[in-house]
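Please keep the sequence and the structure in view while reading.

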Amino acid sequence: MTSVPRPTGPAKNLVLFVVLTAGIASGITIFSSASTMADWIETATSGLFLPILLSLIVTFLLDPLVQVFERAQISRTASIFAVYFILLVLVMILLAMIGPPNWKSMLDALRADFPRYIARVLDYLNNLLSSVHSQFPYLEHYDISGKFRQWAQEFLGLILLETPRSAMRIGSLFLLVPLFSFFFLRDSRRIMRNLISLTPNRYFEMVLDIYDRVSWQLAHFIRGRILEALIIGTVVWLGLSLTDIRYAPLLGVIAGVTNLVPYIGPIVGMVPGLVIALVDLGVGPQFWWIFCVYLLIAQVILDNFILIPILISRVSNLHPLWVILAIVMGGKLYGVLGMIIGVPIASVIKIALLEIRQYRSTFNSTRDILLSRRN
Amino acid sequence: MDPFWSNIFRKPGYKATLAYFLGSVPIFASLGRRDLNFLETLVHLRNYHPGETIFAEGDIGSGMYVIRSGGVRIEMKDEQGENRVQADLEAGDFFGEIALTTPQPRIATATATEQTVLVGLFRADILDAVRKHPAIASKILLGLTRILSQRLQHAGLRLREQSYSHLEPSSGEQP
């Protein structure tokens with residue numbers, strides 16, 4: 001019988017040392033290479049998040065239109081081209097009729113006006129503070145207005161810095177988004193079918209069924225949300241352009257986008273409009289009209305009584321606690337963009353989970369019926 | 001016709017395609033070539049090992065299967081809970097079509113007896129087709145209805161035969 005001689009004494013220690021060193025070294029290598037890989041992936045995909053998100057939104061919006069053409073026995077690719085062409089013509093006509101909203105001069109003017117608005121808000125804050133200080137003298141050393149000023153200057157600097165860069169980015173969006181959404185529209189079905197066909201035979205039917213329900217609900221929800229934001233934005237724009245307020249189109253966009261976030265979004269979307277109205281127009285009938293447009297017409301009447309009941313099912317309602325969590329977590333991950341899309345993504349997850357649970361419960365109840373029938 | 005010309009106009013190997021195979025299934029018999037090509041994009045091809053369960057009694061069903069190659073055994077449990085073979089199906093046969101329109105639990109167990117390729121057509125895809133291509137979808141559903149009503153009639157006749165055969169001797173015994 002032969003046996004491998006076991007190392008003893010110093011030799012044993014040496015083996016232990018070599019093994020430990022090798023283990024640590026390979027651990028460090030794996031860890032660092034993993035983090036460089038993650039870095040690479042992050043760098044490679046950093047600019048793609050927004051275009052892909054926008055393309056998905058466009059895809060969800062255009063899909064029903066493409067289906068209309070498909071129903072007339074036109075191939076899917078041709079239908080997508082037809083929809084693109086019609087949209088292009090519509091945009092052209094719209095531009096020719098009312099002329100493009102002058103975004104650039106509006107941005108320039110806003111850049112010039114922004115310090116003025118900030119200064120007014122600061123004045124107001126200081127007045128408020130001095131009255132507060134006279135009543136609660138021990139709050140003296142808490143410098144709210146200083147903090148606010150610092151924050152505002154940082155924000156202004158960010159705008160100044162980002163504008164040329166974001167102009168580039170917007171230019172690339174005009175190229176990337178139609179391209180991506182074309183392929184999403186054409187091939188999403190095939191891609192999803194290929195993914196689903198990877199499931200094992202035993203679960204295939206269930207996965208296919210659940211996917212069908214979830215995707216239908218999700219498409220419904222996402223389409224509803226986007227339409228809601230579009231309508232709210234347009235109504236705010238129209239309502240504001242009845243007054244002398246400047247930046248009505250921009251404020252409409254802000255109101256529409258922030259409307260994607262329930263509870264908090266509409267309030268945040270209201271603030272810039274109200275500040276501009278206060279500074280430029282003062283408290284008067286116009287200010288109260290603007291206030292009414294934001295709160296009463298857009299939020300209460302249009303959103304609560306008309307749009308939400310029609311477009312969005314109650315299923316997707318999130319508890320306010322989840323809304324706040326989604327905003328905070330989205331903000332940590334992707335900044336302002338993450339804050340806005342965090343809540344819709346949380347709703348999407350909720351819808352998917354609810355659908356799966358409902359499917360499982362019907363599954364179990366029908367099985368019970370079958371078993372009881374046999375007994 | 002000159003074989004030279006006939007070869008040009010017939011797509012080579014069409015008989016080997018999935019579309020041609022689907023056209024030979026009774027449910028899809030009334031579909032034209034274009035419709036069959038569309039149906040081909042709707043179905044799923046699944047491979048099964050010998051002895052693998054395709055679905056079990058009590059599973060929630062969501063579609064039908066056509067056997068492209070191989071064999072499938074259909075079994076049902078009787079009162080004692082013993083499995084009893086109902087049918088041995090082979091290539092070209094189809095099963096599970098009742099679950100295509102409504103989600104119902106499977107009433108039998110289907111098992112592959114050899115290496116089997118199945119063509120699955122499921123409710124989710126049919127509903128999708130109803131929305132996007134109503135004309136073709138209605139042809140498919142009409143074919144399904146035709147098969148189901150034939151079976152219903154057949155079952156009704158058998159039921160009547162059985163009830164008469166039950167009645168006749170008892171009426172003969174009585175004076």
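The model is predicted, so local features need pLDDT of at least 70 and side-chain atom pairs count only at pLDDT 80 or more, while totals for chains, interfaces and linings use all residues. Residues are numbered from 1 along each chain as its sequence is written, chains are lettered from A and ligands numbered from 1 in the order in which they are written, and side-chain values use heavy atoms, with hydrogens and water left out.

**The interface**

Together, chain A and chain B bury about 2700 Å², of which 43% is on carbon and sulfur atoms. Buried area is the accessible area (1.4 Å probe) that two parts lose on being put together, summed over both. The rule finds 5 salt bridges across this interface; a salt bridge is a side-chain nitrogen of Lys or Arg within 4 Å of a carboxyl oxygen of Asp or Glu. It also finds 17 residue pairs in polar contact, both residues at pLDDT 80 or more. A polar contact is a pair of N or O atoms within 3.5 Å; within protein, one must be able to donate a hydrogen and the other to accept it, and residues adjacent in sequence count only if both atoms are side-chain atoms.

One example of each kind is given below.

| Kind | Residues | Distance |
|---|---|---|
| Salt bridge | D125(B) and R193(A) | 4.0 Å (N to O) |
| Polar contact | E205(A) and Y65(B) | 2.6 Å |

E205(A) is found in helix α6 of chain A; helices (H or I, at least four residues) and strands (E, at least two) are DSSP runs, numbered from the N terminus. E205(A) is buried, with a relative accessible area of 7%, since buried means under 20%, exposed over 50% and partly exposed in between (1.4 Å probe, protein chains only). Residues up to four places away in sequence aside, E205(A) touches F55(B), I60(B), G61(B), S62(B), G63(B), Y65(B), R106(B) and F122(B).

**The nonpolar core**

A nonpolar core is a set of buried Ala, Val, Leu, Ile, Met, Phe, Trp, Tyr and Cys residues joined through side-chain atoms within 4.5 Å. The largest one has 26 residues, and F28(B) and L39(B) are among those with the most contacts inside it. α5(B) gives the most to this core, with 5 residues.

Methods: Contact = heavy atoms within 4.5 Å.
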